[in-house]
Amino acid sequence: MVLPTVMVLPMLIVVAAGIYYIYNEIIQYMSKSMVKNKVVVITDAVSGVGSECAHHFHKGGARLILCGASWDKMESLYDTLTSGADPRVTFPPKLVLLDFSDMDSMPEVVNEVVECYGCVDILVCNSSMKLKAPVHTVSLELDRNIMDINYFGPSTLAKGVLPAMMSRRSGHILLVNSIQGRLAIPFRTSYSASKHAVQAFFDCLRAEVEEYGIIVSTISHTFINAALPSTPQTKPQGLSTFGVRPADLANEIMRTVSRKKKEVLLAHPIPWVALYLRSFFPSFFFAVVAAGVKDSAMAEQMQ
């Protein structure tokens with residue numbers, strides 16, 4: 001029996017959707033099996049992305065070390081993870097107070113993190129501080145605070161866990177960065193500068209530790225939108241002009257760990273185009289960006 005031509009396309013779509021679903025299920029299963037019994041450190045674990053990551057890694061049987069600046073919020077996350085969890089396949093997380101804005105405490109924090117299990121298999125650097133303001137209104141103190149949280153904090157923690165990874169000749173360090181680590185945007189001077197700096201640090205680190213079998217990954221994403229709904233119209237992996245959902249970013253982090261990918265750009269087409277323009281047609285890119293600033297200033301004056 002020959003199918004009518006009008007039925008071919010819908011059937012192909014159904015088959016493709018089924019294959020894509022099965023593929024994602026296999027990848028998720030492999031991701032969980034890859035982290036079983038691994039010591040995983042997650043910074044800013046109480047944030048939307050950090051919390052989603054904690055749930056994924058905990059279900060996968062990882063030995064979690066959750067870091068954050070609020071002890072009450074971490075205890076709440078601990079209760080959520082351990083409530084109803086099967087102790088035969090999961091481990092109760094360990095909690096470590098970590099505030100990157102207090103760099104003087106970092107040596108003690110690094111020692112506490114390493115001493116939890118004696119080693120770290122996977123480090124997920126997730127902390128970030130955002131700022132949008134004209135450059136002349138940003139104080140030097142605020143510049144330094146942003147650099148501490150977005151650059152010095154992650155780089156210091158990475159260097160702290162590195163010796164044990166190098167001696168064991170294994171490990172994975174993953175930086176959750178922003179697209180602004182590769183593409184500077186007006187009114188975000190301090191934030192973009194810190195993201196460029198930390199991107200460069202981890203790019204250099206990747207080359208230096210490759211001989212020790214250590215994987216260094218960076219995920220550059222557009223802004224995180226916790227309010228973005230999960231609907232059938234949502235694009236794969238949360239790629240939307242309205243940002244990326246924490247759950248989608250957490251899934252990408254799990255995939256990056258399991259596949260040992262070195263660099264991921266999680267963005268819709270507009271940032272991709274902007275990156276190419278910045279690389280190959282810089283004068284045109286600068287003109288477009290400057291025009292956008294003038295238009296926004298004119299719109300504010302007319303209000």
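Student: In which helix is N150 found?

Tutor: N150 sits in helix α5, residues 140-168. Helices are DSSP runs of H or I with at least four residues, strands are E runs of at least two, and numbering starts at the N terminus. This is a predicted model, where local features need pLDDT of at least 70, side-chain atom pairs count only at pLDDT 80 or more, and totals for chains, interfaces and linings use all residues. Residues are numbered from 1 along each chain as its sequence is written, and side-chain values use heavy atoms, without hydrogens or water.

Student: Why does N150 count as buried?

Tutor: Buried means under 20% relative accessible area, exposed means over 50%, and partly exposed is in between (1.4 Å probe, protein chains only). N150 has 1% relative accessibility, so N150 counts as buried.

Student: What is N150 in contact with, leaving aside neighbours within four places in sequence?

Tutor: Contact means heavy atoms within 4.5 Å. On that basis N150 touches S127, S128, M129, Y191, S194, K195 and V198. A polar atom of the N150 side chain lies 2.7 Å from the backbone nitrogen of M129.

Student: What makes Y151 and F152 an edge-to-face pair?

Tutor: A pair of aromatic rings is described by the distance of the centres and the angle of the planes. Rings of Phe, Tyr and Trp (its six-membered ring) pair if their centres lie within 6.5 Å; planes under 30 degrees apart are stacked, over 60 edge-to-face, and the rest tilted. Y151 and F152 are 4.8 Å apart centre to centre, with 65° between the planes, and form an edge-to-face pair.

Student: Why is F285 with F286 edge-to-face?

Tutor: Their ring centres are 6.0 Å apart and their planes stand at 65°, so this pair is edge-to-face.

Student: How do you know whether F285 and F286 are buried or partly exposed?

Tutor: F285 has 10% relative accessibility, so F285 counts as buried. F286 has 45%, so F286 counts as partly exposed.

Student: And why is Y151 called buried, or F152 partly exposed?

Tutor: Y151 is at 17% relative accessibility, so Y151 counts as buried. F152 has a relative accessible area of 40%, so F152 is partly exposed.

Student: Which residues form one aromatic cluster with Y151?

Tutor: Y151 clusters with F152, F201 and F202. The structure holds five aromatic pairs.

Conventions: Polar contact = N/O pair within 3.5 Å; in protein donor to acceptor, adjacent residues only side chain to side chain.
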